[in-house]
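Notebook open, model loaded. I went through a few spots and jotted down what I found.

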Amino acid sequence: RDKKTINDISLKQISNYSLHNVEALFQLEKILKKKLTDLTLMDYYEEIELPMVAVLEVMELNGTYVDIDILSDMSKKNDKVLKDLKKKIYHISGSEFNLNSSQQLANILFDELKLPQVKKRSTAEDVLKILSSYNQIPAYIIKYRKKNKLKTTYFDSLPEFVNVETSRIHTTFNQTVAATGRLSSTNPNFQNIPIRSEEGKEIRKAFCSQKKNWKILSADYSQIELRIMAHMSKDKGLLNAFGNGLDIHSETAGRIFKVPLELVSAEMRRTAKIVNFGIMYGAGPFRMSQELGVTRNEANEVIKSYFKQFIGIRDYIDQVIDHARNMNYVKTLLGRRRPVFEVNSSNGLRRKAAERMAINMPIQGSAAEMIKIAMKNIIDELDKKKMQSKMVLQIHDELIFEFPKNEESLLKKLVIDKMENVVELSVPLVVDYGIGNNWYEAH
């Protein structure tokens, strides 16, 4: 906050600072190149990470068009809802207080209303959900927080990032922040735009094309992490499901609940979906019980049933953790490494956290490097064919493009081809796509 800007510093100070930076870079180059060579990561660096610099430069310069008027209308509607929620909360509590203050909220809930203290005086969302059965205020607070986050993080802040010269938002993509190799973005962070809630999805309506008669194409990998798990674990159940184009979550539900596919209910499928993704993130019975809304014992039984049906996944996870314990690192499909030193820690919490990290990194990291290669190949092809279409955003497994109508067929074919044929796995890679006037319609 107290940092000086460059125009507050003398030319002599700037010169010295810049010279030291340049000198340090030359010294670091030798050290880091040797480390990359010793770890057999030089090829990975030169073939995957280094080419991404040019790709991200193009995307940052392209920027993303966000319709500020649409955001403004959303903000006004959101403000009305926030105002109404405040009134309801103040009426029930019998007094006004700062809804954004955890301490003041705790005073109302536990001192004034005498609600049970689930976790001391915590006002975290999981606690508020439990307290909602005793009083209306906790449920209203949860809704208020979600609406307020949309206001502060998106409706009110995104317009501040619009470049006055281009009328577009030029985010910064970061290659070296996420340890898994995933790209992240800052100023603003587009990676965290909510997808689960309808209100969050609505924000995507503001992401559209700046030019008339242009549209948005969204292309994302279908269940890429589960497909990578199938390839890495060689589990027969997963390989069969993806190889035959079956619905993986329904297939999983049928196996763990021991019912025919036609008898799999929506609730069974939902449970299977949570378990499928939870397993990849190393979730244990406690975390799974929270996600499923069941007891810890029930969650443990579901996990046991899962591993009985998918023996290959259980074996793969054991192999990954053993490798981490022996080598102190895990690696992706193409060879990116992540150190996991605390996998042998005597501290149970740290050890479990390291194990979860070890299980997830090869899957998430492999997905990240695959989309990076696809991005490079797509940008090269757009340039080669001298197309007007622009790749403007990358959100984890999804790529977003702006394009003129006359390039729709060519762009769609090009993007799907480059994404689906990026590497050869034991199961097919599948890309879902959508086209619309904005990101909401296309996703």
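I started with asparagine 78, which sits in helix 3 (residues 68-93); helices here are DSSP runs of H or I with at least four residues, strands are E runs with at least two, and both are numbered from the N terminus. Asparagine 78 counts as buried because its relative accessibility is 4% (buried is under 20% relative accessible area, with a 1.4 Å probe and protein chains only). I looked up its neighbours: leaving out residues up to four places away in sequence, asparagine 78 touches Lys147, Leu150, Lys151 and Phe155 (contact means heavy atoms within 4.5 Å). A polar atom of the asparagine 78 side chain lies 2.9 Å from the backbone oxygen of lysine 147.

A note on the source: this is a predicted model, where local features need pLDDT of at least 70 and side-chain atom pairs pLDDT 80 or more, while totals for chains, interfaces and linings use all residues. Residues are numbered from 1 along each chain as its sequence is written, and side-chain values use heavy atoms, without hydrogens and water.

Next, helix 8 (residues 224-233): 10 of its 10 residues are buried, so the rest of the structure largely encloses it. I checked what covers them, and the list includes strand 3 (214-221), helix 9 (236-243), helix 10 (248-256), helix 11 (266-280), helix 14 (311-327) and helix 15. Lysine 234 follows helix 8 and has a positive phi, near 60 degrees.

Last, I looked at which residues of helix 15 meet helix 2: they are Glu369, Lys372, Ile373, Met375, Lys376 and Ile379. The residues of that contact divide into 11 nonpolar, no polar and 4 charged (nonpolar is Ala, Val, Leu, Ile, Met, Phe, Trp, Tyr, Cys and Pro; charged is Asp, Glu, Lys and Arg; the others, Gly among them, are polar).

Note on methods
Buried < 20%, exposed > 50% of the residue type's maximum accessible area, 1.4 Å probe, protein only. Polar contact = N/O pair within 3.5 Å; in protein donor to acceptor, adjacent residues only side chain to side chain.
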